[in-house]
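Here are my notes on the model, point by point. Please keep the structure open while you read.

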Amino acid sequence: MTSKSGLEFKVGDAVVYPAHGVGKVAAVETQEVAGMSLEVYVVTFDHEKMTLRVPTKKAKTAGLRSLAADDVVTKALTTLKGRARIKRTMWSRRAQEYEAKINSGDLISIAEVVRDLHRAESQPEQSYSERQLYESALDRMAREVAAANKIDKDAAVELLGKSLSAKKAAAPAVAETEEAEAA
């Protein structure tokens, strides 16, 4: 993946930064920092109206990565269809874990948060903080799925919604299978 110039990403590449989601490499610049010359990726995040500069040599350790491959996107969509795994711990601890998963930048971890916090129409309403985390995870996941599949964000949200609604049909079958295995 490293090009002739030794850089991993080129101008125009869509990249994912863990704490901010999908952005685009706008430029590769050399900047003077503390008397030293430093080569940086200039990454723009249009949805947050933000520009981030990441040193090229520290890009990997900072978590900057290319978009998820097709197989990872497929696995993430399959994760959405799975059964919610909600731990029986205090909400504050679960909220911290969900926040850590969202900020990890890992698409499958984000899919787990979306799956666990998704509520169907028939289920009780979410608390404010639950809804905020769910919307944050859904937004982050939709942006990456949209960029990876070259579709717009609304189409990606619709695709995620279909995967989440497929969970409803699969959940009773999974529950019956687990009950049969337990017996």
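1. Salt bridges overall. This is a predicted model. A search of the whole structure gives 10 salt bridges. In general, side chains of opposite charge can pair when their charged atoms come close. A few of the pairs deserve a look one by one.

2. K60 and E8. These two form a salt bridge, with the closest N and O atoms 2.9 Å apart. K60 sits in helix α1 (residues 59–62), while E8 sits in the segment before β1 (14–17), so the bridge ties together parts that are 52 residues apart in sequence. E8 is partly exposed, with a relative accessible area of 21%.

3. K10 and D13. Here the closest N and O atoms are 3.8 Å apart, and the pair forms a salt bridge. The cut-off for a salt bridge is 4 Å, so this pair counts. K10 is exposed, at 55% relative accessible area.

4. E112 and K101. Their side chains meet in a salt bridge at 2.8 Å, N to O. The pair links distant parts of the chain: E112 belongs to helix α4 (residues 107–117) and K101 to helix α3 (residues 91–104), 11 residues apart. E112 is partly exposed, with a relative accessible area of 23%. K101 also counts as partly exposed, at 27%.

5. A charged network. Which residues do salt bridges with shared partners join into one network? They are D139, R143 and K153.

6. The largest nonpolar core. In soluble globular proteins, nonpolar side chains tend to be buried together. The largest nonpolar core in this model has 27 residues. Those with the most contacts inside it are V73, L80, V114, M141 and L160. Helices α2 (70–81), α3, α4, α5 and α6 (153–182) each supply at least two residues of this core. The largest share, 9 residues, comes from α5.

7. A second core. There is also a separate core of 11 residues. Its members include V15, Y17, F45 and L64.

8. The cavity. How many cavities of 30 Å³ or more are there? The count comes to 1. The largest cavity has a volume of about 30 Å³. V16, Y17, P18, G21, V22, G105, I110, R140 and E144 line it. By class, the lining has 5 nonpolar, 2 polar and 2 charged residues. Domain 1 (13–66) and domain 2 (70–166) each give at least three residues to this lining.

9. The second largest pocket. Its volume is about 290 Å³. The lining has 13 residues, of which V22, G23, K24, D46 and A147 are the closest to the centre of the pocket. β2 (21–33), β3 (36–45) and α5 (128–149) each supply at least two lining residues. By class, 6 are nonpolar, 3 polar and 4 charged. Again both domains take part: domain 1 (13–66) and domain 2 (70–166) each provide at least three residues.

10. V22 lines the cavity and is among the residues closest to the centre of the second largest pocket.

Methods
Residues are numbered from 1 along each chain as its sequence is written. This is a predicted model: local features need pLDDT of at least 70, side-chain atom pairs count only at pLDDT 80 or more; totals for chains, interfaces and linings use all residues. Side-chain values use heavy atoms; hydrogens and water are left out. On a 1 Å grid over the protein atoms alone, a cavity is a set of points where a 1.4 Å probe fits but cannot get out, and a pocket is an open set with protein on both sides within 12 Å along at least five of seven lines; lining residues have an atom within 4 Å of a point. Grid points are joined across faces, edges and corners, and a volume is the space filled by probe spheres set on the points. Helices (H or I, at least four residues) and strands (E, at least two) are DSSP runs, numbered from the N terminus. Ala, Val, Leu, Ile, Met, Phe, Trp, Tyr, Cys and Pro count as nonpolar, Asp, Glu, Lys and Arg as charged, and the others, Gly among them, as polar. Domain bounds come from an automatic or database domain assignment. Buried means under 20% relative accessible area, exposed over 50%, partly exposed in between (1.4 Å probe, protein chains only). A nonpolar core is a set of buried Ala, Val, Leu, Ile, Met, Phe, Trp, Tyr and Cys residues joined through side-chain atoms within 4.5 Å.
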